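Thanks for making time, everyone.

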Amino acid sequence: MATDQPCYTVIFESSAEYPSAAELRTALEKGSDDVKLEALRKIVVSTINGNPQPSLMMPIIQFVMPSRNKQLKKLLHFYWEVCPKYDENGKLKQEMILVVNAIRNDLQHPNEYIRGATLRFLQKIANESELLEPLIPTCRACLEHRHSYVRKNAVFALFSIYREFENLIPDASELMSTFLAAETDSTCKRNAFIFLAHCDLPKAVDWVLSNHENIPTLDEGLQMSVIEVVRLDCKNDSTHRARYIRLIFELLNVSSHAVKYEAATTLTLLTQNPAAVKASASTLISLIIKESDNNVKLIVLDRLEALRAKHEHILDGLIMDVLQILGNSDMDVRRKAMNIVLSMTSSRNVEEVALFLKKQLLRTQEKAAEFDKASEYRQLLIQSIHVTAIKFSEVAASVVLALMEFLGDSTSSSSTSTALDVIAFIREVVDKFPHLRSGIFDRLVANLSDIKSGKVFRGVLWILGEFVGIQESYASASEAAEAIRQCVEGIRTCIGEIPIYVESAQEENATEEKTLPKEAGAGKPKLLADGTYATETAYTAAGSSGLRNEKTRPPLRTLILGGDFFTGTVLAVTLTKLVLRFDGLSSEQADSNTLRAQTMLIMTSIIRVGHAKSSPALGAPLVQIDEDSTERIMNCIQTLSELSGGAKVDTDDEEAIVKEIFLRDTKKAFQRMISAQEKRAAEKREAETSRKTSAVQVDDLLSFRQFSKKGADQELDYDEDLGRATGATDVREDFISNLSRISQLTGFSDPIYVETYVKMHGFDIMLDVLLVNQTANTLQNLCLDFATLGDLKIVERPSVYTIAPHGFQSIKATIKVSSTETGVIFGSILWEGPNMSEACVILNDIHIDIMDYIKPAYCNEAQFRSMWTEFEWENRVNVNSSVSDPREYLKHVMKSTNMSCLTPEGALSGDCDFLSANMYARSLFGEDALANLSIERTEAGTVTGHIRIRSKTQGIALSLGDRITMAQKDSKPLSA
């Protein structure tokens with residue numbers, strides 16, 4: 001008798017439509033084949049769901065088993081698989097003798113389909129020895145059947161029986177050796193070889209060595225089995241390792257992709273020879289290029305990355321082959337391939353890599369229609385070139401000028417993101433490589449007229465104001481002064497005529513309207529079909545002059561007239577920096593005054609446009625300048641007006657302070673930002689390194705491979721063994737944290753005391769429930785029933801238990817989680833009390849903590865802004881806390897929500913009563929959660945403000961908001 005009951009999927013059945021046992025018996029006796037088929041299907045479903053109906057077994061044997069209908073025979077096999085075959089005493093039922101006889105007849109049936117289907121059925125009941133023992137001779141006879149379908153199923157049927165009961169087939173190895181020698185069908189040979197490898201590995205090895213030359217020409221399935229045998233044999237330090245390596249080398253060139261992948265993986269386990277590693281990597285690369293399924297490409301790329309990490313510099317020569325993978329259209333594949341390329345790049349091949357990336361970049365611009373997701377791919381290429389050029393300075397000069405062609409592309413948001421990536425690259429190159437500044441500045445000034453986006457303009461203006469005219473980048477002071485003069489002239493060209501007036505813009509529009517020809521409608525009588533007259537009039541609509549005038553205006557002038565005063569503020573600060581730097585370089589007071597006057601006129605024009613009472617274009621909205629922009633521009637004007645080029649003695653200190661603010665403090669802020677980014681990258685690398693190495697205690701148990709059993713079933717994976725030896729795979733649970741997860745579900749005075757331990761395991765919630773009978777009575781037919789609220793789903797069906805007086809019962813339940821949403825588990829306990837009366841206890845609710853599914857994550861500013869715009873669900877939480885320090889409250893929120901702060905520490909430093917920070921986290925289900933914290937400290941010493949949470953789904957936004965609200969009530973200084 002089998003002690004373990006098989007597990008089946010519970011299938012829903014409607015009790016309202018389910019027929020009675022008598023109706024099913026009638027359908028089996030008198031119904032047609034279709035009626036019997038439906039009745040038998042309902043009986044199978046009922047049996048799977050826990051209602052076996054043993055009284056119907058005999059009618060099934062009498063009226064269904066003799067049928068010749070193939071569908072009925074197939075469904076009958078399902079019934080024999082799930083029906084109870086033993087009585088209450090554990091003995092085989094008498095009716096099963098008739099079933100065994102029928103199965104034997106089907107195994108001798110002349111139809112090969114019925115024989116094969118019956119043999120497949122025997123694999124499902126391979127743990128029933130009393131049923132199988134009389135069928136063994138018939139199964140062995142099927143090995144000699146003329147049809148391969150019968151023979152291949154006979155091999156696997158015998159294999160399934162042998163795995164459970166070796167004594168039923170004592171001569172299995174001789175039987176399979178004989179069968180394998182005589183068999184010609186490839187599938188039958190594969191099945192027999194697998195059987196032989198399981199029952200007698202040395203004989204399987206002898207077969208491989210004797211057929212060594214023919215293996216590359218064999219069937220794909222048999223080749224996979226041979227590779228598996230090679231791995232099993234090499235676990236025991238086989239003497240045939242050299243012959244195996246030659247065999248695996250030959251299998252690298254077969255046509256099957258699956259065999260090539262397995263061969264490449266096995267080859268690196270058999271030997272660490274550089275030639276073998278290169279051959280394996282080349283095979284993996286060719287698989288990635290030739291395979292059409294992107295999921296397979298990603299899996300093989302992961303294997304290639306693991307191989308590269310283990311053999312770092314051996315694969316550097318294959319970097320050009322890896323670059324060919326970028327021709328794939330899937331962005332995930334491109335990103336993985338690019339990460340591998342960047343890790344393989346060295347000083348020897350960096351020029352070839354940079355040249356290839358530049359060509360790909362130009363192709364995305366010239367043949368954008370041929371590239372799927374061209375803008376996204378272009379952005380990936382620019383970021384990769386950025387990393388390469390900063391790491392290897394010798395290619396920076398050749399790529400930075402080529403990337404400047406993308407500054408003017410602002411046709412879409414993705415194009416603007418690409419241009420911003422180029423700006424970030426240029427900014428870092430200019431900072432790290434002073435000898436390249438002169439050529440970059442000339443190109444930037446020349447390309448100013450092509451830029452259309454305000455964000456890109458602000459980036460370019462900051463670079464020009466921060467680095468143009470720094471004397472260390474030029475041979476002499478006169479050259480630096482000339483560079484500043486040319487830069488200001490280029491900026492003026494992008495602005496157009498000065499001053500900028502809204503009235504002049506309106507006059508331009510009006511003048512253009514006057515010059516346009518007015519075409520009036522021509523009226524002329526026309527005779528209609530009914531004899532009446534009508535007048536036909538035609539009008540020609542002239543194009544909008546305002547739109548045409550927009551195209552002819554200089555780009556910077558267009559932005560300012562369009563209300564982009566943030567860009568105007570950056571322009572004012574840039575011009576102020578250039579003038580202050582020019583004062584220190586030029587000895588001509590007249591030139592300094594001229595330059596100062598021009599820049600001050602530009603600034604006053606910007607403020608005048610912002611205070612205009614009418615719109616610069618007909619139909620365009622009126623945008624007024626904000627107070628911050630006005631104050632900033634006025635500060636610049638005041639700075640330039642009060643500081644003269646020939647500084648007097650009493651103003652030297654003031655001039656030094658102003659120059660420190662404008663010319664050095666911004667540079668220091670940039671340096672802090674760069675150092676913060678480098679620090680975060682170093683922490684990430686250190687975290688990855690620490691994960692690879694784990695501490696081993698001195699008293700840990702040592703495991704020696706040589707002392708292990710030869711027949712041990714373990715993978716040929718030295719990395720996994722090393723992980724076991726170092727303790728990297730051991731997960732140690734903290735006893736105190738386990739106690740904190742115990743929830744009390746009933747009171748101590750209830751008849752049953754219930755408590756549960758809640759454990760999060762991946763996407764499952766495991767409930768370990770302990771029931772204690774606190775009465776002196778036996779509790780019969782006790783049923784623990786759970787229900788859920790939210791995206792939680794009960795997996796198991798409740799069972800019935802009987803608990804002795806003052807006895808204990810442990811019950812385990814599994815609940816599936818499908819999203820990060822606050823869930824509640826509630827339930828009840830039902831049992832039969834005295835006199836068969838029903839008793840019930842309602843359990844306390846279990847609230848699932850979503851913080852177990854939310855982990856801190858990181859994204860850059862562009863990604864945060866893109867997701868913030870895209871996500872539609874927002875939850876606003878008002879802040880009113882007794883915590884006096886805003887930074888302390890930020891730490892409290894981060895700790896409560898498992899979110900990471902994206903705002904650099906440099907931006908949060910200093911003494912201020914206001915604080916604004918961005919936070920980000922990601923759930924195990926791939927859901928992104930964004931948060932913006934804006935708070936201030938009041939005069940009373942409390943913190944007020946709000947937190948805005950955004951996500952793609954409603955659940956995580958509401959759950960995080962509830963979490964913050966609950967944490968806010970308990971908010972205390974973290975140091976307390």
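Residues 24 or more positions apart account for 66% of the contacts in the chain with a separation of 6 or more. Contact here means heavy atoms within 4.5 Å. Two notes on the basis: this is a predicted model, where local features need pLDDT of at least 70, side-chain atom pairs count only at pLDDT 80 or more, and totals for chains, interfaces and linings use all residues. Residues are numbered from 1 along each chain as its sequence is written, and side-chain values use heavy atoms, with hydrogens and water left out.

The chain has 39 helices and 18 strands. Those are DSSP runs numbered from the N terminus: helices are H or I with at least four residues, strands are E with at least two. Of the 976 residues, 45% count as buried. Buried means under 20% relative accessible area, exposed means over 50%, and partly exposed is in between, with a 1.4 Å probe and protein chains only.

Now the core. A nonpolar core is a set of buried Ala, Val, Leu, Ile, Met, Phe, Trp, Tyr and Cys residues joined through side-chain atoms within 4.5 Å. The largest one has 202 residues, and Trp80, Leu122, Ile426, Ile491 and Leu571 touch the most other members. Helix α30, residues 565-585, gives the most to this core, with 11 residues. In soluble globular proteins, nonpolar side chains tend to be buried together.

Stay with α30. 19 of its 21 residues are buried, so the helix is mostly covered. The expected span is 1.5 Å times one less than the number of residues. Leu571 touches Leu461, Ile491, Ile495, Leu556, Ile560, Ile602 and Ile606, leaving out residues up to four places away in sequence.

Next helix, α17, residues 294-310. Its 17 residues reach 24 Å from first C-alpha to last, close to the 24 Å expected. At its start, a side-chain oxygen of Asp293 reaches to within 3.0 Å of the backbone nitrogen of Asn295. That is a polar contact: a pair of N or O atoms within 3.5 Å, where within protein one must be able to donate a hydrogen and the other to accept it, and residues adjacent in sequence count only if both atoms are side-chain atoms. Buried in α17 are Lys297, Leu298, Val300, Leu301, Leu304, Leu307 and Arg308. Their cover includes α15 (257-270), α16 (274-290), α18 (319-323) and α19 (331-344).

On to the sheet. Which order do its strands take? 5 strands form an open sheet, β3-β4-β5-β9-β7, with antiparallel pairing. β3 (742-744) and β7 stand at the edges with a single partner strand each, so one side of each is left without a neighbour in the sheet. Neighbouring strands are turned by 30° against each other on average, direction ignored. Two strands pair if DSSP finds at least two bridges between them. β5 (764-773) and β9 (808-817) pair over 9 bridges, in the antiparallel sense. Asp768 has Lys812 of β9 as its bridge partner, and Val769 stands opposite Ile811 in β9. β7, residues 792-794, joins β9 through 3 bridges, also antiparallel. There, Ile794 stands opposite Ile815.

Most residues other than glycine have a negative phi, and most peptide bonds are trans. Gln53 has a positive phi, near 50°. It sits in the loop between α2 (33-48) and α3 (57-63), and at 11% relative accessibility it counts as buried. Asn781 also has a positive phi, about 50°. Asn781 lies in strand β6, residues 779-789, and is partly exposed at 40%.

Last, two buried residues. Thr897 is in helix α37, residues 886-897, with a relative accessible area of 0%. Its side chain reaches the backbone oxygen of Val893 at 2.7 Å. Beyond four places in sequence, Thr897 touches Met851, Ile854, Leu960, Arg963 and Ile964. Phe864 is in helix α36, residues 861-870, and is buried at 7%. Leu902 is 38 residues away along the chain, yet the two C-alpha atoms are separated by 9.1 Å. The residues that Phe864 touches, again beyond four places, include Leu902, Asn918 and Met919.

Methods. Axes are lines fitted to C-alpha atoms, for helices over the stretch in contact, and angles run from 0 to 180 degrees between N-to-C directions.
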